[in-house]
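Please keep the sequence and the three-dimensional view at hand while reading.

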Amino acid sequence: MGITSHSKLNIRKNLIISPDITTPLTTLHRSVYPGHFFVASWRASLNRLNSLHFINTHPSTSQPMKTKLSLLLLLSICTFAQTVQKPRYVIVIHGGAGNITPQRFSPEKQAEYELNLNNALLEGEKVLASGGDATDAVIAAVRYLEECPLFNAGRGAVFNADGRNELDASIMDGKTGKAGAVAGVSIIKSPVMAARMVMDSSGHVMLAGRGAEEFAMKHRLEMVNPDYFYTGESWQEYLKVKQNRENEGRKGTVGAVALDIHGNLAAATSTGGMVYKKYGRIGDSPVIGAGTYASNLSCAVSCTGHGEFFIRNAVAYDVSARMLYLGETVEAATEFIINQKLKSQGAAGGLIALDKDGNISMPFNTPGMFRGYIKSGEMPKVLMFR
Ligand code: ASP
C-alpha cells in the first residue's frame, strides 16, 4: 500500500483537506497560519518514509534495511503521538451561548461569525507561537472580539433597561493567582484591557463605574464616546425585549482561555451583560470564580450564560475545585456543572475550559455556542451549533 493513502489529513468542515502528502501542505499551512512546526515535521517524516517505502519495494532490499525502516516508522509514530498528546500551547475562545441554530443564521452570517472567531483565535495564537504569555494571548483574542460588532462585548454590547451600554470584564493569571476586573463601565474602549490594568497596577481585584473609568483614564487606556458601543442590531434587540417580545439570544459574551509554552494558564471574559438588565446590574463575567477563573494547578475557565446562576454556583471556581478535590477530568467537571447542576436549576449557558495538560472542554446547555480553539500544530476549529 502506498504511503499516500495513509496521509489524508481529515480536518473538519471549514478546514483544509489535503488528499495527498505531495500537496504543498506545509507552505499552504504556514502562509495561512504561521508558527506550525508540527505539520512541517510530520510531513518531513512521511516524505522520508515515502522514499524509504520505495526502496523497500525493490527486490534487492536487505534485512538490515527492513529493520531500519521499522525503527524509523516506530520513531515517527512515537513523535507523532507525543506531539498530539502534549500540545505546546492551546487557545480556546467563546462568543457566547444562546439560541444559536442553523435556521437563525444565513450562510453569509455564519461565514461572518466563523471568520471572526477564526481571526480572534489567530490573534491569540500569534502571541503563544512566539513564546508569549497566556495572559497576553487571552487579551489579544478577547480584544479582537470586543472590537467585532457581532458579539455582546465592547462594540456591539447589548443595552440595559435604560437604553445604555454598561460593560463588564475580567482576567485571571493562573501562574500568579492575580486577577483584575471592571464592572459597569461605559466609556472604556476595551474593558478587558482595563481589567488587566486593574490586575497589574491597582492592588485591587475589581473597580466599578466612574472609579474604574478614572483609573483607566489615568493609565492612558483609550476612552470612547458611549456611542462607540452602539450597533443597530443590539438596539433592535433592546426594542424587542422592551416591547415584551422574546429575547432571541443570538449575541454573546466573549471569552478566552490559554495555555502558553511555559505551562501557564490564563482566562479572560468580556460582556455587555444581559439585554435589558437593570441599571447597575453586574453579572458573572467580571466576578472572579463565577465567570472567570484560572489556576496553573488545575484549569482556566471562561463562562457565558445567565449570570445570576453562574454567580450563585461559583461556576468557574467549581470546575477547578471538582478537578482538585474530586480528581475529575476537565471534561467530567464541566459536563456535570453545565449539563446537570445548572440545567436542573433552569440556568442556560456554557463555558470553555482548558486544563494544564492542554485538554479542552466546551459544554453548553443551550441550542448553540460560538466557540473555537487552536492547539499548536493544528488548524483552528470553529463551531457554532451542536
Ligand atoms: N454571563 C453574562 C451576564 O450574565 C451574559 C452572557 O454570557 O451572555 O452578564
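In this predicted model, helix H7 (residues 209–218) lies across strands E3 and E4 and runs at about 110° to E4. Strands E3 and E4 belong to an open sheet of 8 strands with mixed pairing, ordered E4-E3-E2-E6-E5-E1-E11-E12.

**The open sheet**

- Strand E4 (206–208) and strand E12 (381–383) stand at the edges; each has a single partner strand, so one side of each is left without a neighbour in the sheet.
- On average, neighbouring strands of this sheet are turned by 5° against each other, direction ignored.
- Helix H6 packs on the sheet, where it touches strand E2 (167–173), strand E3 (179–185), E4 and strand E6 (265–271).
- The direction of H6 makes about 135° with that of E3.
- Strand E11 (residues 368–375) runs antiparallel to E12, and 3 bridges join the two.
- Within this pair, Gly372 stands opposite Val382 in E12.

- Strand E2 is mostly covered, with 7 of its 7 residues buried.
- In a regular strand, side chains alternate between the two faces of the sheet.
- From E2, Leu167, Ala169, Ile171 and Asp173 point one way, while Asp168, Ser170 and Met172 point the other way, and all are buried.
- E2 pairs with E3 in the antiparallel sense over 5 bridges, and the bridge partner of Ala169 in E3 is Val182.
- The two strands E2 and E3 form a hairpin with 5 residues between them.
- Gly177, in the turn of this hairpin, has a positive phi of about 75°.
- E2 also runs antiparallel to E6, to which it is joined by 6 bridges; here Ile171 stands opposite Ala268 in E6.

**Helices H5 and H6**

- The axes of helix H5 (residues 134–147) and helix H6 (residues 191–201) come within 8 Å and cross at roughly 145°.
- On the H5 side the contact is made by Ile139, Val142, Arg143 and Glu146, and on the H6 side by Pro191, Val192, Met193 and Arg196.
- Sorted by class, the contact of H5 with H6 has 5 nonpolar, no polar and 3 charged residues.

**The nonpolar core**

- The largest nonpolar core has 101 residues, and those with the most contacts inside it are Ile91, Val138, Ala141 and Ala258.
- Helix H5 gives the most to this core, with 9 residues.
- Not counting residues up to four places away in sequence, Val138 touches Gly124, Ile171, Ala256, Val257, Ala258, Ala266, Ala267 and Ala268.

- Strand E8 (residues 299–305) is largely enclosed by the rest of the structure, because 7 of its 7 residues are buried.
- Cys299, Val301, Cys303 and Gly305 point one way from E8, whereas Ala300, Ser302 and Thr304 point the other way, and all are buried.
- Strand E7 (residues 292–294) pairs with E8 in the antiparallel sense over 3 bridges, and a hairpin joins E7 to E8 through 4 residues.
- Strand E9 (residues 349–355) also runs antiparallel to E8, and 7 bridges join the two strands.
- Ser302 of E8 is placed opposite Thr292 and opposite Ile352 in E9.

**Ala294 in strand E7**

- Ala294, located in strand E7, counts as buried because it has 35 C-beta neighbours inside 10 Å.
- Leaving aside neighbours within four places in sequence, Ala294 is in contact with Met172, Asp173, Gly174, Leu265, Ala266, Ala267 and Ala300.
- Although 117 residues separate Ala294 from Gly177 in sequence, the two are 7.3 Å apart in space, C-alpha to C-alpha.

**The ligand**

- The ligand is surrounded by 13 residues, of which the closest are Thr253, Gly273, Gly283, Thr304 and Gly307.
- By class, the shell around the ligand has 1 nonpolar, 11 polar and 1 charged residues.
- Thr304, one of the closest residues to the ligand, is also among the buried residues of E8.

Key. Residues numbered from 1 in each chain as written. Predicted model: local features only at pLDDT ≥ 70, side-chain atom pairs only at ≥ 80, totals over all residues. Buried ≥ 20, exposed ≤ 12 C-beta atoms within 10 Å, placed from the backbone. Pairing = 2+ DSSP bridges. Near = placed C-beta within 6 Å. Nonpolar A, V, L, I, M, F, W, Y, C, P; charged D, E, K, R; others polar. Axes fitted to C-alpha atoms, helices over the stretch in contact; angles between N-to-C directions. Contact = placed C-beta atoms within 7 Å. Core = buried A, V, L, I, M, F, W, Y, C linked by C-beta atoms within 7 Å.
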